[in-house]
Amino acid sequence: MVETESLLTALPRRGITIISGYRNGQIDSYVALYDLAPGNSLTVTFPKEHHFTPGQAVTLHLDNRTGVGEYDAELRVYRVCYKGRVGSVTGNQILITPEEFQLVYSDRCINKFVDPSYKYEEFDSSASLPESDIRLSDLSWNNREFENKLGVLITTLPSRPHSSLMAFLSGRCDDVFLISMKNTFKAQALRYNNSCCFAMDHRADFVFEKAYDWNYTIVRAKAFKISPDNPAYEEIQYEFVNKNPWETSFFTSPEIEMYHLKPEEILLSDNQ
């Protein structure tokens, strides 16, 4: 149990982060290194150029995984959706101060921070996602991703993106498939705006000869719903169970919703 306001009690001082903001009306996501200070501010260092500017609202995904065998039915890793504001920008390094975050372990929030000036997002999630046209004959799996269990979904909200750690399946044409409970925050965000990004984490087969950002693929996509009456639904459900057998009860629950992320652009490829 974390009993202090500092994230340093649960997260490493330095680690890998997915940082996202908006540029030209779209999500702009990067893989970078963060350094965490005692007051929960972050220094973020980019391996290449970035487009963040002082005062910009950003969202970062942080966790304490090293990439080896740390995903199970209880999701026993510390993870944070960290919402902050860009301060100084010096070359490929930026300073970020926190506005709101929740430190989650398994399904419990064990530490949180809210700046008095921070306003929680209000948005209309009553719309329905468009239906995917995926067919059973279209399914072709990227078997390389079988050992890579987790990725980060980045959804579109009015003032800044939101991030969520999720299990995923990857198709050979960069399609991504996700499953979530219907009334989660991420599901509501997708119904509000189906423009999103997904960062596939390749750290389960980490290659140390590569730069750290080469161990990720980030896809900009549109999200579509796959209904249970679609013949592809059962096959995708089977593949989720096959990849994560300890999560059978979750992936077969009648309360789940299945999503198909159709790629529009590859923002970062691990093949560079």
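These questions and answers walk through a predicted model.

User: How many residues line the second largest pocket, and which element gives the largest share of its lining?
Analyst: The second largest pocket has a volume of about 380 Å³. Its lining has 20 residues. Strand 2 (26–36), strand 13 (216–226) and strand 14 (256–268) each give two or more residues to this lining. The largest share is six residues, and it comes from strand 2.

User: Which residues lie nearest the centre of the second largest pocket, and how many lining residues are charged?
Analyst: Asp 28, Ser 29, Tyr 30, Glu 49 and Leu 267 lie nearest the centre. By class, the lining has eight nonpolar and five polar residues. The charged residues number seven.

User: How many aromatic pairs are in the whole structure, and what is the class of the pair Tyr 78 and Tyr 105?
Analyst: A search of the whole structure gives 13 aromatic pairs. In the pair of Tyr 78 and Tyr 105, the ring centres are 4.7 Å apart, with 40 degrees between the planes. Tyr 78 is in strand 5 (residues 78–90) and Tyr 105 is in strand 6 (residues 93–105), 27 residues apart. Planes under 30 degrees apart count as stacked and those over 60 as edge-to-face, so the rest are tilted; the pair of Tyr 78 and Tyr 105 is tilted.

User: What is the class of the pair Tyr 82 and Phe 101?
Analyst: Tyr 82 belongs to strand 5 and Phe 101 to strand 6, 19 residues apart. Their centres lie 5.9 Å apart, with 5 degrees between the planes. Planes under 30 degrees apart count as stacked. The pair of Tyr 82 and Phe 101 is therefore stacked.

User: Are Tyr 82 and Phe 101 buried or exposed?
Analyst: Buried means under 20% relative accessible area. Tyr 82 has 0%. Phe 101 is also at 0% relative accessibility. So Tyr 82 and Phe 101 are buried.

User: Which residues do ring pairs link into a cluster with Tyr 30?
Analyst: Tyr 30 is among the residues nearest the centre of the second largest pocket. Ring pairs link Tyr 30 into a cluster with Phe 46 and Phe 52.

User: Which residues of helix 1 are buried, and what covers them?
Analyst: Helix 1 spans residues 185–192. Its buried residues are Lys 186, Ala 187, Ala 189, Leu 190 and Arg 191. What covers them includes strand 8, strand 9, strand 11, strand 12, strand 13 and strand 14.

Conventions
Residues numbered from 1 in each chain as written. Predicted model: local features only at pLDDT ≥ 70, side-chain atom pairs only at ≥ 80, totals over all residues. Heavy atoms only, no water. 1 Å grid on protein atoms, 1.4 Å probe; cavity = no way out; pocket = protein on both sides within 12 Å on 5 of 7 lines; lining within 4 Å. Points joined across faces, edges and corners; volume = space filled by probe spheres on them. Helix = DSSP H or I, 4+ residues; strand = E, 2+ residues; numbered from the N terminus. Nonpolar A, V, L, I, M, F, W, Y, C, P; charged D, E, K, R; others polar. Phe/Tyr/Trp six-rings, centres within 6.5 Å; stacked < 30°, edge-to-face > 60°. Buried < 20%, exposed > 50% of the residue type's maximum accessible area, 1.4 Å probe, protein only. Contact = heavy atoms within 4.5 Å.
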